[in-house]
Amino acid sequence: MHLPRVLLSAPTAFVRRGAVAAAAGVSPSLSSVARLRPRLFSSEAGSELGIGFSLTPEQKELQETARSFTAREIIPKAAHHDVTGEYPTEILKKAWEAGLLNTHVPAEYGGLGLGVLDCALISEEMAYGCSGIQTAAEANGLAEAPVIIGGNEAQKKKYLGRMIEEPLMCAYCVTEPIAGSDVAGIGTRAVKKGANSWSITGNKMWITNGGKADWYFVLAKTDPAANAGRAFTGFIVDAKSPGITVGKKELNMGQRASDTRGISFEDVEVPDENRLGDVGKGFSLAMGAFDTTRPLVAAAAVGVARRAYEEALKYSLERKTMGKPISEHQAIAFMLADMASGVEASRLLVWKAAWMRDSGARNTLFASMAKATASEVANKNAADAVQIFGGNGFNSEYPVEKLMRDAKIFMIYEGTSQIQRLIISRTVIDQAKKGIFY
């Protein structure tokens with residue numbers, strides 16, 4: 001695919017509703033990038049080989065904006081939010097001002113309308129600084145995805161538009177105390193009340209941004225007798241609706257800056273105008289969002305893996321044993337080689353999955369490959385970084401123990417590594433039966 005390239009002049013300050021973000025010290029404009037171009041992918045895709053791995057100038061600007069924001073706003077404050085569990089409200093507000101939140105929202109609703117590959121660049125950079133803060137930011141994208149996919153014009157204008165007008169958060173309410181990977185086991189019910197409203201009752205768990213959200217995407221069972229493909233319906237539920245109880249903030253192993261809670265719904269009345277798509281189509285809507293968000297979760301895992309590798313590499317150049325830097329010992333050098341290779345391999349899977357989604361191709365298989373691979377590389381790299389740091393790695397004065405704690409959740413949320421392997425294995429086996437091999 002050969003796509004037009006748009007060249008930018010010197011970066012300009014990003015003006016949002018008359019407020020000059022540069023005055024607050026934020027990085028060069030993201031909105032200028034979005035306004036001046038359509039969808040942009042790898043810049044060398046039109047080469048004789050038909051493939052390329054270079055970013056466009058616009059994507060490099062996106063990447064640099066996110067990287068400088070992370071260096072200035074996230075890295076210096078990450079340890080504080082990890083220790084205290086304090087929600088990073090001010091950082092997220094600044095990210096919103098810089099155009100680093102709600103990046104999926106289409107331009108017609110006030111957003112930047114960035115592609116998945118564009119957003120993956122941002123996710124990697126922010127997670128490099130703190131994956132807990134990045135998760136809080138990206139949770140908006142997960143909740144917004146079903147609205148973008150299946151919402152009508154009124155819903156998109158109301159609920160996506162408000163995310164652009166104010167630095168608000170939203171949340172994706174699907175997981176339940178006994179229904180994580182087994183989405184078909186969801187027990188939350190939505191019952192029709194009259195012609196124009198629904199009553200939702202049930203309990204959701206492990207909801208990112210649960211206590212900070214302005215609104216929720218809620219998946220509820222509307223036909224208990226139907227199979228999973230027809231049993232569920234999606235709803236947009238205002239967080240201040242009567243009958244909603246927000247649970248305590250959970251103290252998790254890692255990503256402690258993220259606000260994770262249980263949310264209870266007790267006869268919560270929701271107008272039919274807030275129903276997303278047709279009745280019984282909620283499962284496909286909820287799962288369809290993952291084709292966009294799984295590559296971004298994987299990109300965040302790449303950010304953690306890269307941070308672990310770079311911290312270990314720098315430390316190995318400084319730490320000396322037996323008269324030389326430990327990087328010169330083969331045992332350490334080989335660990336670094338594997339860490340570097342894992343980062344590159346994971347990133348390439350992320351970029352392919354993202355590029356496929358942006359190109360309009362079904363990317364479910366590669367989104368799962370990217371998610372499974374990047375999450376496990378992040379865990380391996382973090383563990384190896386702790387090993388390379390030795391006793392220092394086990395101490396909270398050094399950054400790698402946090403990376404190890406933060407990395408684990410990547411193998412669990414948005415589909416466990418086992419669920420990703422289930423998707424991958426079923427797909428490749430089904431295709432092989434049809435004579436199609438990858």
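In this predicted model, Gln255 sits in the loop between strand E8 (244–246) and strand E9 (260–271). Its phi is near 50 degrees, a positive value in a residue other than glycine. Gln255 counts as buried, at 5% relative accessibility. Among contacts with a separation of 6 or more, 73% join residues 24 or more positions apart.

- Helix H3 covers residues 89–98, and its buried residues are Ile91, Leu92, Ala95, Trp96 and Ala98.
- Seen down the axis of H3, these buried residues fall within an arc of 165 degrees, so they line one face of the helix.
- As background, an α-helix has 3.6 residues a turn, so residues three or four places apart point the same way.
- Just after H3, Gly99 has a positive phi of about 85 degrees.
- Asn102 lies in the loop between H3 and helix H4 (116–129).
- Asn102 also has a positive phi, near 55 degrees, and is a residue other than glycine.
- The relative accessible area of Asn102 is 4%, so Asn102 is buried under the 20% cut-off.

**Helices H5 and H6**

- Helix H5 (residues 131–150) packs against helix H6 (residues 153–165) at an angle of about 160 degrees, and their axes are 10 Å apart.
- Angles over 145 degrees count as roughly antiparallel, and H5 and H6 are therefore roughly antiparallel to each other.
- Their crossing is left-handed.
- On the H5 side the contact involves Asn140, Glu144, Val147 and Ile148, which meet Gln155, Lys156, Leu160 and Met163 of H6.
- Sorted by class, the contact of H5 with H6 has four nonpolar, two polar and two charged residues.

**Asn140, a buried residue of H5**

- Asn140 is part of helix H5 and counts as buried, with 0% relative accessibility.
- Leaving out residues up to four places away in sequence, Asn140 touches Asn102, Met163, Leu168, Met169, Cys170 and Asn209.
- One of these partners, Asn102, is the residue with positive phi in the loop between H3 and H4.
- Another partner, Met163, is one of the H6 residues that meet H5.

**Helices H9 and H12**

- The axes of helix H9 (residues 290–318) and helix H12 (residues 400–407) come within 10 Å and cross at roughly 155 degrees.
- H9 and H12 are therefore roughly antiparallel to each other.
- H9 passes H12 in a left-handed crossing.
- H9 contributes Val304, Arg307, Ala308 and Glu311 to the contact, and H12 contributes Val400, Leu403 and Ala407.
- By class, this contact of H9 with H12 has five nonpolar, no polar and two charged residues.

**Val183, a buried loop residue**

- Val183 is located in the loop between strand E3 (169–173) and strand E4 (189–193).
- Val183 has a relative accessible area of 12% and is buried.
- Apart from its neighbours within four places in sequence, Val183 is in contact with Val174, Leu219, Phe232, Phe283 and Met287.
- Of these partners, Phe232 is 49 residues from Val183 in sequence and 10.0 Å from it in space, C-alpha to C-alpha.

**Phe366 in helix H11**

- Phe366 belongs to helix H11, which spans residues 364–389.
- Phe366 is buried, and its relative accessible area is 13%.
- Not counting residues up to four places away in sequence, Phe366 touches Leu349, Lys352, Ala353, Met356 and Tyr438.
- Trp351 is 15 residues from Phe366 in sequence, and the C-alpha atoms of the two are 9.7 Å apart.

Key. Residues are numbered from 1 along each chain as its sequence is written. This is a predicted model: local features need pLDDT of at least 70, side-chain atom pairs count only at pLDDT 80 or more; totals for chains, interfaces and linings use all residues. Side-chain values use heavy atoms; hydrogens and water are left out. Axes are lines fitted to C-alpha atoms, for helices over the stretch in contact, and angles run from 0 to 180 degrees between N-to-C directions. Helices (H or I, at least four residues) and strands (E, at least two) are DSSP runs, numbered from the N terminus. Angles under 35 degrees count as roughly parallel, over 145 as roughly antiparallel, 65 to 115 as roughly perpendicular and the rest as oblique. A crossing is left-handed if the near helix is turned anticlockwise from the far one by less than a right angle, and right-handed if clockwise. Contact means heavy atoms within 4.5 Å. Ala, Val, Leu, Ile, Met, Phe, Trp, Tyr, Cys and Pro count as nonpolar, Asp, Glu, Lys and Arg as charged, and the others, Gly among them, as polar. Buried means under 20% relative accessible area, exposed over 50%, partly exposed in between (1.4 Å probe, protein chains only). The arc is that of the directions from the helix axis to the C-beta atoms.
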